[in-house]
Amino acid sequence: MNFTFTEDQELIRAMVREFAQAEIAPRSAHLDETGEFPADTMQRLAELDLTGMPYPQIYGGAAADYVSYAIVIEEISRACSSTGVILAVHTLAGIPIYQFGTEEQKQLWLPKLIGYQALGAFAITEPAAGSDAGSLQTTAVPAGDSYILNGTKTFITNGAEAGIFIVMALTKTGIGTKGISAFIVEKGTPGFTIGKHERKMGIRGSSTTELIFANCRIPSANRIGKEGDGFKIAMAALDGGRISISAQSTGIAQACLDEAIAYSKERVQFNRPISSNQAIQWMLAEMAADISAGRLLTYKAAYLKQIGKPFTMEAAMAKLFASQMAVRCATKAVQIHGGYGYIKDFKVERLYRDARILEIYEGTSEVQKMVIAGNLLR
Ligand SMILES: Cc1cc2nc3c(=O)[nH]c(=O)nc-3n(C[C@H](O)[C@H](O)[C@H](O)COP(=O)(O)OP(=O)(O)OC[C@H]3O[C@@H](n4cnc5c(N)ncnc54)[C@H](O)[C@@H]3O)c2cc1C
């Protein structure tokens, strides 16, 4: 066993941490207040080769290992939860094309995503199909050399700004998940519009929207894999995606600890810093131990993915543990700040709101337990 990062991975962490703390963290409160999309930051991430990390160089990617990618998501999320999820979902949108697309599709679409000519989005959730994503109702009916899409997707991250959408739709009804296929849909395709923009509790710098398909005609060449492969493709993408949400959780939890340590050393009550109280020290110690455990699970899952070993259960365990851990850390960080933790001038108020989504998207905690138990009882 080797618990150390490679020299390259340490270099990436140092570079990204410096960039994220200097250029991303100072803007995170503004994004939260305004709900603005961090367009400049995303452009800078593209310039730093961070918008297509795990993809090969032939498509413009950085050919980075998955551990390095998780490091980047952790450090960016530590600086800004919204920017972390925007980048994570953008990167995830390339996975179906890279793992299941034809060579022609890879050459056409991956450079656009990786070079950030277009932001990516991934759409499976519908109003009546959340945890039970396989019960989706959007249809894709073949019509000559096209498919006609009809239906509504909900809660789609990057919906407002994305140019390339991976969309799951039924090519055959009545046969359950075997009837689902995966498609690439471009922004601006006639019949495809963005519906409701959600107003959220946290990660407010990332957009979350409905996607509406009304007789939207897309070329058959935009289908990824075979008809009926869509659910398998979606689950494979989400397996990898869950590692990035674990990394995001670890980053947010680390930010909670950073803030809690600094504040507890500064805040004086009873003529001494509150950090001199064992009650506060124990909360800090529990947070540090919790974060360390979450980080280990995250990087173990990333490592298994990188070396081509099965990692579905490990990714679900990492996502389950790290998301709950981040919520625990955010709760403690607010507690250590006392009344100030409840006030918007203090970063932990935002971190507390940002952390809550971690247990919900890319599969709720309950769904992660279903995945883990399913693997245990196979
Ligand atoms: C901010 C945000 C961003 C998102 N981004 C995307 C995105 O980019 N793309 C996308 O496709 N989706 C996205 N989603 C959707 C997200 O993945 C779903 O919200 C999530 O999977 C849960 O589905 P649901 O909201 O319909 O809840 P439901 O499935 O209705 O679940 C409600 C509750 O019931 C529980 N539950 C459901 N079934 C069971 C069961 N069998 N056993 C035990 N408990 C159960 C759930 O765990 C949950 O606690 C996003 C959601 C949000 C809020």
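**Helix packing, domains and ligand surroundings in a predicted model**

The axes of helix 3 (residues 66-79) and helix 7 (residues 278-306) come within 8 Å of each other and cross at roughly 145 degrees, where axes are lines fitted to C-alpha atoms, for helices over the stretch in contact, and angles run from 0 to 180 degrees between N-to-C directions. Helices (H or I, at least four residues) and strands (E, at least two) are DSSP runs numbered from the N terminus. The structure is a predicted model, in which local features need pLDDT of at least 70 and side-chain atom pairs count only at pLDDT 80 or more, whereas totals for chains, interfaces and linings use all residues. Residues are numbered from 1 along each chain as its sequence is written, and side-chain values use heavy atoms, with hydrogens and water left out.

In helix 3, Tyr66, Val67, Ala70, Ile71 and Glu74 meet Arg295, Tyr299, Ala302, Tyr303, Lys305 and Gln306 of helix 7, contact meaning heavy atoms within 4.5 Å. By class, this contact of helix 3 with helix 7 comprises seven nonpolar, one polar and three charged residues; Ala, Val, Leu, Ile, Met, Phe, Trp, Tyr, Cys and Pro count as nonpolar, Asp, Glu, Lys and Arg as charged, and the others, Gly among them, as polar.

The domain assignment divides the chain into domain 1 (7-114), domain 2 (120-228) and domain 3 (232-376), with bounds that come from an automatic or database assignment. The C-alpha centres of domain 1 and domain 3 lie 20 Å apart, and 26 residues of domain 1 are in contact with 31 residues of domain 3.

The ligand is surrounded by 18 residues, of which the closest are Thr125, Ser131, Phe155, Thr364 and Glu366, a residue being counted if one of its heavy atoms lies within 4 Å. A backbone N or O atom of Phe155 lies 2.9 Å from a nitrogen atom of the ligand, while a polar side-chain atom of Thr364 lies 2.7 Å from an oxygen atom of the ligand.

Asp49, found in the loop between helix 2 (39-47) and helix 3, has a positive phi near 65 degrees although it is not glycine.

Technical notes:
Polar contact = N/O pair within 3.5 Å; in protein donor to acceptor, adjacent residues only side chain to side chain.
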